[in-house]
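Visitor: I would like to learn how to read a helix and its ring contacts in a model. Please start from the coordinates.

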Amino acid sequence: MLFWVIAAILTLGASLAVLLPLAGGPKGASAPGDHDLEVYRDQLAELDRDVARGLIQPAEAEEARAEIGRRILRLATGQAGTAARRPSVMTRLVATVAVLAVPLISWGLYIKLGSPDLPSQPLAERLAKNPADSSVDELVARAEAHLAANPSDGRGWDVLAPIYLRLQRYSDAVAAYRNAIRLDGVSATRQSGLGEAIANAAGGIVSAEAQDAFEAALKLDPANAKASFYLAMGLAQEGRAAEATTAWQNMLGTLPPESPWRRAVEQALAENAKTAVASGTPANGPDAQAVEAAQSMSPQDRQTMIETMVAGLDEKLKQNPRDTEGWMRLIRSYVVLGKADQARDALSRGIAVFGADSEEARKFTAFAASLGLTATE
């Protein structure tokens, strides 16, 4: 009830503050120039008394009367203009209705949509709620308040750091991971998280600092997928596409089928293949000297050179079919050249060499699937 009383008083005060000027003042109030007019009249009477006592010459008195008369005329003209500028009755009526409509409409909408009976929730009370009933922002604020009071709580920083990362607060994530490492020591998870935060804070660039963090994570856990993935990305960003592709392929061969990193690796391989198509050279195909020589060739000659090298690779595999990496390079080369049938044939031949149930066959199939290729139509 107190809420409605306060709201009514505030609304009434705001409305009166607007309505009173529109009313044009109380009835019977003197016009702004009435006082000046009375002064001029007194001056005329005083002038007559001075003439009667001989204190002023008649000619001077006449000039003074003329000046006072001109001032009275100007005053009368100004009052007439002021009266003309006053709002009409209709204008005041429309303005009054508009002013009254605002609180009436707003009150109606609030009663319909608002929650006047909802108790206030100060920040301290919101932070004290059951975590299951809190929003992400409230949980983060709760953790930040705790860490502000307990900055040496390494566990708190360890919990908050990945949350910052998911919220894309990368600078805060870097600081949180560093605090967690400083207070609770290094771990593969913290180092890889730190590297990811540093890379994202730099706009996705795997810098030397990020590489150091990922390499530290791999020393602690050689199977850390996040560190392996980002280190391969760093190779791709340095223009070492072939090495990046090999690293991602190795990951794909070791990741379990249910790993969430499989899709990321497959997408990275596909993007790397697109880059190879744009540059006109298949990844892991020609060596550095051949690529340099191809830069000065015409597009037709470059294409011919690439097809010749791929055909040479195909011939070598016929002579030495137990080359696992060679089959993968051949499949990718045919995909890059847009020869899906030859790529599918190479996949089938590679599977046949090692057997359909072999580990190599599963690796070939997974790799081909990452390139959008299946064994059959």
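Guide: Begin with H11, where the buried residues are Ala 225, Lys 226, Ala 227, Ser 228, Phe 229, Tyr 230, Leu 231, Ala 232, Gly 234 and Leu 235. Buried means under 20% relative accessible area, exposed over 50% and partly exposed in between, with a 1.4 Å probe and protein chains only. The model is predicted: local features need pLDDT of at least 70, side-chain atom pairs count only at pLDDT 80 or more, and totals for chains, interfaces and linings use all residues. Residues are numbered from 1 along each chain as its sequence is written, and side-chain values use heavy atoms, without hydrogens and water.

Visitor: Which residues does helix H11 span?

Guide: Helices are DSSP runs of H or I with at least four residues, numbered from the N terminus. H11 covers residues 225–237, and 10 of its 13 residues are buried.

Visitor: How are aromatic pairs classed?

Guide: Rings of Phe, Tyr and Trp (its six-membered ring) pair if their centres lie within 6.5 Å; planes under 30 degrees apart count as stacked, over 60 as edge-to-face and the rest as tilted. The structure holds 5 aromatic pairs. One of them is stacked: Phe 214 and Tyr 230, at 5.1 Å centre to centre with 5 degrees between the planes. Phe 214 sits in helix H10, Tyr 230 in H11, 16 residues apart.

Visitor: Why is the pair of Phe 229 and Trp 248 tilted?

Guide: Because the planes of Phe 229 and Trp 248 stand at 45 degrees, with ring centres 5.9 Å apart. Trp 248 belongs to helix H12, and both residues, Phe 229 and Trp 248, are buried.

Technical notes. Helix = DSSP H or I, 4+ residues; strand = E, 2+ residues; numbered from the N terminus. Expected span 1.5 Å × (residues − 1).
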